[in-house]
Amino acid sequence: KLLAIAYVHPSTSNYIGLGFHTSTLPTDELQNAYEATFDGATASTIIFKNVSGSWSNLASDATIYQDDAVTSAIWGIALYVDADNDIQKSFVKSGTAEWIQVVSAADDSSASGLTSFQSVYLRHGGLNCRLITPIMVWGS
């Protein structure tokens, strides 16, 4: 079981991702990971998996955000993975609101080879994204 929480001031041009990687982080292409993204360009939350360099969308939602929500508030994003029970969940928090679960998936972690993680990462594809510390991680 692994939970990571980060706070961000999102980008309107692309995504912010929070993920768990199976080994130390590579210096080139990211592979073998689960990732939750908050996408300012499409105002959606998505859970992805990457196996051997191939990305798959496991679950997504684009119904929760107002038009200006991606730029008006500090957002919390969280990813929870329970590889023993094939659970992947994404959560968001807007401003001072409560955490809410947005999407959930049930990817077969064993079949994907995503059962043990050594790294947590943040990444973004936007021009004006701000990542706010602390970034918190709990695992068992």
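Reader: Which residues touch the most other members of the largest nonpolar core?

Author: Phe20, Ile77, Leu79 and Phe117 do, in a core of 24 residues. Strands E1 (2-9) and E2 (15-21), together with E3, E6 and E8, each give two or more residues to this core. The model is predicted.

Reader: What makes these residues a nonpolar core?

Author: Two conditions must hold: the residues are buried ones of the nonpolar kinds, and side-chain atoms within 4.5 Å join them. Phe20, Ile77, Leu79 and Phe117 are members of the core, so each of them has under 20% relative accessible area. In soluble globular proteins, nonpolar side chains tend to be buried together.

Reader: What does Phe117 touch beyond its neighbours up to four places away in sequence?

Author: Phe117 touches Leu2, Phe20, His21, Thr22, Tyr34 and Val81.

Reader: Why is Ser119 called buried?

Author: Its relative accessible area is 11%. The cut-off is under 20%, so Ser119 counts as buried. Ser119 sits in strand E9 (residues 119-124).

Reader: What does Ser119 contact, leaving aside neighbours within four places in sequence?

Author: Its contacts are Gly19, Phe20, His21, Ser23, Thr24 and Leu25.

Reader: What makes the approach of the Ser119 side chain to Ser23 a polar contact?

Author: The Ser119 side chain reaches the backbone oxygen of Ser23 at 2.6 Å. The limit for a pair of N or O atoms is 3.5 Å, with one atom able to donate a hydrogen and the other to accept it. The 2.6 Å distance is within that limit, so the pair qualifies.

Reader: Which side chain makes a polar contact with that of Ser112?

Author: The side chain of Asp107 does, at 2.9 Å. The cut-off is 3.5 Å, so the pair passes. Not counting residues up to four places away in sequence, Ser112 touches Lys49, Val51 and Asp107. Ser112 and Val51 are 61 residues apart along the chain, yet their C-alpha atoms are separated by 6.6 Å.

Reader: Why is Gly125 called partly exposed?

Author: Its relative accessibility is 34%. Buried is under 20% and exposed is over 50%, so 34% falls in between. Gly125 is in the loop between E9 and E10. Gly125 and Asp39 are 86 residues apart in sequence and 9.3 Å apart in space, C-alpha to C-alpha.

Reader: How do you know that strand E4 is mostly covered?

Author: Strand E4 (residues 44-51) has eight residues, and six of them are buried. For the chain, 44% of the 140 residues count as buried.

Reader: What makes E3 and E4 a pair?

Author: Seven bridges join strand E3 (residues 33-39) to E4. Pairing needs at least two bridges, so these strands pair. They run antiparallel. Glu35 has Phe48 in E4 as its bridge partner.

Reader: What holds for E4 and E5?

Author: E4 and strand E5 (residues 54-61) pair over seven bridges, also in the antiparallel sense. In E5, Ala59 is the bridge partner of Ile47, and Ser54 is that of Val51. The two strands form a hairpin with two residues between them. Ser52, in the turn, has a positive phi of about 55°.

Reader: Which strands form the open sheet?

Author: There are five, in the order E8-E7-E6-E1-E10, with antiparallel pairing. Strand E8 (100-105) and strand E10 (130-139) are the edge strands, since each pairs on one side only. Neighbouring strands are turned by 15° against each other on average, direction ignored.

Reader: What makes E6 and E7 a pair within that sheet?

Author: Strand E6 (residues 75-82) and strand E7 (residues 87-94) share eight bridges, antiparallel. At least two are required, so the pair qualifies. Lys89 in E7 is the bridge partner of Tyr80.

Reader: How many helices and strands does the chain have?

Author: The chain has two helices and 10 strands. Along the sequence they follow the pattern β-β-β-β-β-α-β-β-β-α-β-β.

Methods. Residues numbered from 1 in each chain as written. Predicted model: local features only at pLDDT ≥ 70, side-chain atom pairs only at ≥ 80, totals over all residues. Heavy atoms only, no water. Helix = DSSP H or I, 4+ residues; strand = E, 2+ residues; numbered from the N terminus. Buried < 20%, exposed > 50% of the residue type's maximum accessible area, 1.4 Å probe, protein only. Contact = heavy atoms within 4.5 Å. Axes fitted to C-alpha atoms, helices over the stretch in contact; angles between N-to-C directions.
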